[in-house]
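Subject: Structure handover

Hello,

Here is the structure I promised to pass on. Please open it first, then read my notes below.

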Amino acid sequence: MTGETAPRGVDPTVPSSARIYDALLGGKDNYESDREVVRLLTELYPFAQATAVANRAWLGRAVSYLADHGIRQFLDIGAGLPTQENVHQVAQAVDPGCRVVYVDNDPIVLSHGRALLTGTDNVRVFEGDLARVEEILAEARTFLDFERPVGVLLSAILHFFDDAADPYRIVATIRDALPPGSYLALTHGTVAPDKADEDSKEFTDAYSQRSSSGLHLRDKAQVARFLDGFEPVDPGVVYAVHWRPVPGTEPRPVEQAPVWAAVGRLP
Ligand SMILES: C[S@@+](CC[C@H](N)C(=O)[O-])C[C@H]1O[C@@H](n2cnc3c(N)ncnc32)[C@H](O)[C@@H]1O
């Protein structure tokens, strides 16, 4: 980050998931402490950066899909730092009238998001913690019309919740607040298919011990459970690189991007 000075409320010595992800994506909104974690993670798993890039590319495809299927309101929880091809840019390329609410619990995301989006129509940035999902929904309702379908994005956030934090209840709370025709689009980190759980434990421990959020990988069946009550959109729960890849492109090998992705529609 320029001059490595931190805004009020931000401790640059404690790596955050938002800034680590930004560093993995090659962004500039991160500190030395975040980059150190990235170096360590990359030593343990050389495709950490490729995984982040694949996740972000999926997000763009998922938002395009939702917009192409009539969604004009998006609630992006765990939105992350602004980068290229942000959700509102992808959605508003389809229809400038698309409304987007970005929610994150990281103060850096909020300050950068607000600075970048000042003057951008139809976009709001709210502070919110997914652990207190009811508050997020209440705030989102001040800008989005929950009588009309909403596309909810939970991209690379649910793996920061262990089972004790009951992420399934959290997602069900969102589902129960949505009108029919709404969508849930999510990604979730998993163990690479060519790795043993042991190897991934070293990686998740390294992440969890150094960052402000613990990392909890889940298998396909566990991720599929998040879609309870939704009709999965073809091709169902698959590796993100296999979720509707851009025609004519060669998806990255799944060993290099171990992330499950799924989109479901509320009947
Ligand atoms: C790996 S980034 C993903 C960013 C973006 N969704 C994407 O997929 O490109 C995870 C984001 O979730 C945010 N986050 C983590 N735990 C959260 C929580 N409990 N409530 C809200 N945001 C959270 C982090 O601050 C970070 O910005």
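How many cavities of 30 Å³ or more does the structure hold? One. A cavity here is a set of points, on a 1 Å grid over the protein atoms alone, where a 1.4 Å probe fits but cannot get out. Grid points are joined across faces, edges and corners, and a volume is the space filled by probe spheres set on the points.

Before the details, some ground rules. This is a predicted model, in which local features need pLDDT of at least 70 and side-chain atom pairs count only at pLDDT 80 or more, while totals for chains, interfaces and linings use all residues. Residues are numbered from 1 along each chain as its sequence is written, and side-chain values use heavy atoms, with hydrogens and water left out.

**The cavity**

The largest cavity has about 110 Å³ of space. Its lining has 15 residues, and Ala-79, Gly-80, Pro-82, Asn-86 and Tyr-102 lie nearest the centre. Lining residues have an atom within 4 Å of a point. Helix H4 (87-94) and helix H5 (107-117) are the elements that each give two or more residues to this lining. H5 has the largest share, with four residues. Helices (H or I, at least four residues) and strands (E, at least two) are DSSP runs, numbered from the N terminus.

**A salt bridge**

The whole structure has 10 salt bridges (a side-chain nitrogen of Lys or Arg within 4 Å of a carboxyl oxygen of Asp or Glu). One joins Asp-95 and Arg-72, with the closest N and O atoms 2.9 Å apart. The pair links distant parts of the chain, 23 residues apart. Asp-95 is in the loop between H4 and strand S2 (99-104). Arg-72 is in the loop between H3 and strand S1 (73-77).

Most residues other than glycine have a negative phi, and most peptide bonds are trans. Where does this model depart from that? Glu-85 is not a glycine, yet has a positive phi of about 55 degrees. Glu-85 sits in the loop between S1 and H4. The peptide bond from Asp-234 to Pro-235 is cis, with omega near 10 degrees. Pro-235 is in the loop between strand S6 (231-232) and strand S7 (238-239).

Best wishes

Notes:
1 Å grid on protein atoms, 1.4 Å probe; cavity = no way out; pocket = protein on both sides within 12 Å on 5 of 7 lines; lining within 4 Å.
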